[in-house]
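My entries follow the structure.

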Amino acid sequence: MDYEKILIWDGKSYINVPKWFQFFSALGSYLFKNRGTKTNVTHIAVSLPGTSVVQVAIAAGISNVIFNRRLYSKTHANRITSLPKGQMIYFIKNDKRVVYSFEGISPQHPVFKEERCAVLKTKDVREYVPERHWSRLQIAMETNTYKRNKRVEGFGIQSPLLEGIYGKEKLLKATSEYSTEFYIIGNQLKINEMAEEIKLKIKNIEGCLNELLCIKTSFRHSYFHSEMISNVGKLPNDFELEAGLPVVFTDSSSYLNHYHHFETHPSIIILNRNDSNDRNEEVVIDLKRRIIQKDTVKMTEEVVKELKEDGYFPPSGIELMIWREK
């Protein structure tokens, strides 16, 4: 999402999207792109002092990845993996374009063992670029071309705001795949109301954050890629759980009531320190149990460093833990 072009309403006027909102969106994007494998799943726990907007900021970051990957991520990845050795390639690093020679594809990144990477080389430096950053690789000389798929009949996303952010072509592409891509578990009424109240603006087009979240059964448009589940009660009898999809637990109740359904799913667990301390403490105890009893790899420092390199800095007052769990 191009945050430099998008404004958000602060109750008095439209302002630039706050850095903390950008960070949590980036955290959601990270989980969606780096969920791990079926047997080695990524989890993120966040403790913070009382902002309820974090949950929708995370969901917005996931939605952003979904829209942006529709047109070119797989195609671009295929082009990178098919490059010949010695091909000149650019890597956009710290807002600068650096020239490298393409060496090949490694099945493992030195840090993130489950992720392949592109190996680039200059005279003095060898760079290992994980697949999550291949969008920042540019092939210096275009030798392969591809044709985009034909336009999808029907336009299932009636949103001038989203069209302003992504363009109609990406939205048309998205409407070819109506399926749940991630789950949000929490107080459904509050989440919907909050997402409706958060106003966005791009150019002279106004809309609300709920348009971006694309929640199933939402009245906004017929297209969906997320599904909301109540943080209380049982799952509906007709609920069809899709394996391996990321889950956003928006509070302690969401986690305690539904974690057993999503043990093998990548997840973000949000703990608001202004909520009931007893419930939060139950979650903390259970997370400690999981980390002690299961085979886990802590990743907090590596991921935070990566986010900082991309310009996303953790806001003050939060506690963050990221790990992979078998």
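The notes below run from the whole chain down to single residues.

I am working from a predicted model, where local features need pLDDT of at least 70, side-chain atom pairs count only at pLDDT 80 or more, and totals for chains, interfaces and linings use all residues. Residues are numbered from 1 along each chain as its sequence is written, and side-chain values use heavy atoms, with hydrogens and water left out.

Chain. I found 9 helices and 17 strands; these are DSSP runs numbered from the N terminus, helices being H or I of at least four residues and strands E of at least two. Of the 326 residues, 48% are buried (under 20% relative accessible area; exposed is over 50%, partly exposed in between; 1.4 Å probe, protein chains only). I took contacts as heavy atoms within 4.5 Å. Of those between residues at least 6 apart in sequence, 65% join residues at least 24 apart.

Cores. I looked for nonpolar cores, meaning sets of buried Ala, Val, Leu, Ile, Met, Phe, Trp, Tyr and Cys residues joined through side-chain atoms within 4.5 Å. The largest has 56 residues, and Phe 24, Leu 27, Ile 44 and Phe 67 touch the most other members. Helix H2 (residues 54-81) supplies its largest share, 10 residues. A second, separate core holds 18 residues, including Leu 245, Phe 249, Phe 262 and Val 283. Beyond four places in sequence, the contacts of Ile 44 include Leu 27, Tyr 30, Ile 268 and Trp 323.

Cysteines. I searched the whole structure for disulfides (cysteine sulfur atoms within 2.5 Å) and got 0. Cys 117 counts as buried because its relative accessibility is 0%. Cys 208 also counts as buried, at 2%.

Glu 263. I placed Glu 263 in the loop between helix H7 (252-258) and strand S15 (267-272). Its relative accessible area is 39%, so Glu 263 is partly exposed. Not counting residues up to four places away in sequence, Glu 263 touches His 43 and Lys 294. The C-alpha atoms of Glu 263 and Val 41 are 9.4 Å apart, across 222 residues of chain.
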